[in-house]
Amino acid sequence: MKHPAILRTSIPFLLIFLLASCGHPKQARVNVPPPPAATTEPSTAESPAASPSKKGAKKNRPARAVNAEDDHADLAEPTIPATATPLATETGQASWYGPPYHNRRGSNGEVYNMHAMTAAHRTLPLGSIVRVTNLKTGHAALVRITDRGPFIPGRVLDLSLAAARKLDVYQPGVAEVKVDVMQTPAPLETGGKWAVQIGGFPHEEEATKLADHLKSRYHTAKVLRFASPAGAWWIRVRVLDDDRERAQKLVAETETTKGAVFLVRLD
């Protein structure tokens, strides 16, 4: 009679033991990280490292372009003191020049860069800085005189392509401007090396004929004949001692049915 009682009392303990043993494996499966979670960690760790390298590559490309640009001449406007005042002023027509003169040596010895803020003038000392104002639009800019020209009657300045765009001269080709001389490396009224330039002649024979005439007439002058990059032929007469008064006298005495006669400063 004792056995049924023992069974009745032991069954609850057996059920508790079985339930506890069944729950333990479930706890073990929850605590152990599943394999996919471990394999995804390297991929998530690599993606942040990869994206900075791509961003760095994008940043490096513009930097290389800027450095390459630095190899060229300074393309910005020249600067002058805020207190600078005009030393002289003239008005007239300005044109612009680019190819075929781009990358050729200018009168000051530098290679002409049509993307720099420069200009050509016949008589201002090379290296002078002038403020050019378009009298129609009011736009103004500073440019540095690096070359000689323009050799067309009525024009006082030949702008680079960059300066022409900034001053609204590029589209019309010619515009009325005011030129304020702000800085010069040499005096305007004294000194300098002066010459006379005549042309342009469309044919070499015409330039040669006038050059021979000038050689026979001015024995102390040095007469040079040369072709411009644009194809025209020019004559340059260097008077004795490169004197300004002698050059001005030769300008007044010289006549030609083709081309024109200009006083030009060489330095």
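Q: Which backbone oxygen lies 2.7 Å from a polar atom of the side chain of Asn134?
A: That is the backbone oxygen of Leu167. A polar contact here is a pair of N or O atoms within 3.5 Å; within protein, one must be able to donate a hydrogen and the other to accept it, and residues adjacent in sequence count only if both atoms are side-chain atoms. Please note that this is a predicted model, in which local features need pLDDT of at least 70, side-chain atom pairs count only at pLDDT 80 or more, and totals for chains, interfaces and linings use all residues. Residues are numbered from 1 along each chain as its sequence is written, and side-chain values use heavy atoms, with hydrogens and water left out.

Q: And which backbone nitrogen lies 2.9 Å from a polar atom of that Asn134 side chain?
A: The backbone nitrogen of Lys136 does.

Q: Is Asn134 buried or exposed?
A: Asn134 counts as buried because its relative accessibility is 3%. The classes are buried under 20% relative accessible area, exposed over 50%, and partly exposed in between, with a 1.4 Å probe and protein chains only.

Q: What does Asn134 touch, leaving out residues up to four places away in sequence?
A: Its contacts (heavy atoms within 4.5 Å) are His139, Leu167, Asp168, Val169, Ala175, Glu176 and Val177.

Q: Which strand holds Asn134?
A: Asn134 lies in strand E3, which spans residues 129-134 and has five of its six residues buried. Strands (E, at least two residues) and helices (H or I, at least four) are DSSP runs, numbered from the N terminus.

Q: What does E3 pair with?
A: E3 pairs with strand E4 (residues 140-147) in the antiparallel sense over five bridges, and six bridges join E3 to E6, also antiparallel. Two strands pair if DSSP finds at least two bridges between them.

Q: Which residue in the E3 and E4 hairpin takes a positive phi?
A: Gly138 does, with phi near 80°; the hairpin has five residues between the strands.

Q: Zooming out, in what order do the six strands close into a barrel?
A: The order is E1-E5-E2-E4-E3-E6, with mixed pairing. Neighbouring strands of this sheet are turned by 45° against each other on average, direction ignored. Axes are lines fitted to C-alpha atoms, for helices over the stretch in contact, and angles run from 0 to 180 degrees between N-to-C directions.

Q: How many bridges are there between E1 and E6?
A: Strand E1 (residues 88-96) and strand E6 (residues 175-183) share seven, in the antiparallel sense. Thr89 stands opposite Asp180 in E6.

Q: Changing topic: where is Lys193?
A: Lys193 sits in the loop between E6 and strand E7 (194-201). Lys193 counts as partly exposed because its relative accessibility is 45%. Beyond residues up to four places away in sequence, Lys193 touches Arg238, Asp242, Val264, Arg265, Leu266 and Asp267.

Q: Last one: which residues of helix H4 are buried?
A: They are Ala207, Leu210, Ala211 and Leu214. Seen down the axis of H4, the buried residues fall within an arc of 105°, so they line one face of the helix; the arc is that of the directions from the helix axis to the C-beta atoms. They pack against E7, strand E8 (222-227) and strand E9 (233-238). On the other side of H4, Glu205 and Lys209 are exposed.
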